[in-house]
Amino acid sequence: MFAWTLLEYVIHGVLGHAHRTFVTPLHNEHHVDPRAVFAMRSWIPIAVVLIVLAAIFGLAPGMIFLFGIVAGFGVYEYMHYRIHFATPWCAVEERLRARHLAHHLREPDAIFGVTTPLWDIVFGTEPEPARMRELVALGARVAPLSGSSNLGRVYRSMRSRIAAS
C-alpha cells in the first residue's frame, strides 16, 4: 500500500498535471466537476488484469505487492470521496481534506498527494509552511458537496434503465 502513495503522486502530479497524457483529460474532468471523484473507467481494466494475473501467478510475492497497490487505490477512492462529500471524522482526515481542497481552489500545480503529503514534501510540491497554513485554512472553510458523486449518478441511471425495461 505504501507503493500506492508514490503511484498516486505520479498519476496525479506527473501524468495529470505536469505533462499532457492520457490521464490529463480524465483528471481535468474532476477539476471541472468535483463530483467526478471515482476513477470508474479504470476499475474494470484493473479488475480484469488482476484476475488474469492472479489466475496465472497465484499468490506469488509480486501478486501480493500488486494486490497491495490495488488496495491502496481502493483506500484512495474512499478517501477522495470523503474529502469531497463528507465532514471529516478526525484531525488527519480534516488535514487531508483541507490540503486537497486547497489544491482544487488555489494550487493546481502543487499539493498532489491525496492520501499523504509525503511525496509533495519529497519532490518539492508542498508549498512553504506559511503558505500551506493559509491554504489549509482556506480548504477547511469549504463545505462538503451535497448530491451524488459520479458513481451515484451511474448507479441511479442503471437502476432507471432496469426499471424501464
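Tutor: Let's start with A47, which sits in helix α3, residues 40-57. This is a predicted model, so keep that in mind throughout. Is A47 buried, exposed or something in between? A47 has a relative accessible area of 33%, and buried would mean under 20% while exposed would mean over 50%, so A47 counts as partly exposed. For a sense of distance, take D109: it's 62 residues from A47 along the chain, and their C-alpha atoms are 31 Å apart.

Now for the nonpolar cores. The largest one has seven residues, namely A98, A102, A110, I111, M132, L135 and V136. Two elements, α5 (91-105) and α7 (129-140), each put two or more residues into this core, and α7 gives the most, with three. Pick out V136 from that set: leaving aside residues up to four places away in sequence, V136 touches R95, A98 and R99. There's also a second, separate core of six residues, with I69, F73, I83 and V114 among them.

Last stop, the helix pair α1 (residues 2-18) and α2 (residues 23-32): their axes come within 8 Å and cross at roughly 100°. That angle makes α1 roughly perpendicular to α2. On the α1 side, the contact is made by I11, H12, L15, G16 and H17, and α2 brings V23, T24, H27 and H31. Sort the residues of this contact by type and you get three nonpolar, six polar and no charged.

Definitions and conventions. Residues numbered from 1 in each chain as written. Predicted model: local features only at pLDDT ≥ 70, side-chain atom pairs only at ≥ 80, totals over all residues. Heavy atoms only, no water. Axes fitted to C-alpha atoms, helices over the stretch in contact; angles between N-to-C directions. Helix = DSSP H or I, 4+ residues; strand = E, 2+ residues; numbered from the N terminus. Parallel < 35°, antiparallel > 145°, perpendicular 65-115°, else oblique. Contact = heavy atoms within 4.5 Å. Nonpolar A, V, L, I, M, F, W, Y, C, P; charged D, E, K, R; others polar. Core = buried A, V, L, I, M, F, W, Y, C linked by side-chain atoms within 4.5 Å. Buried < 20%, exposed > 50% of the residue type's maximum accessible area, 1.4 Å probe, protein only.
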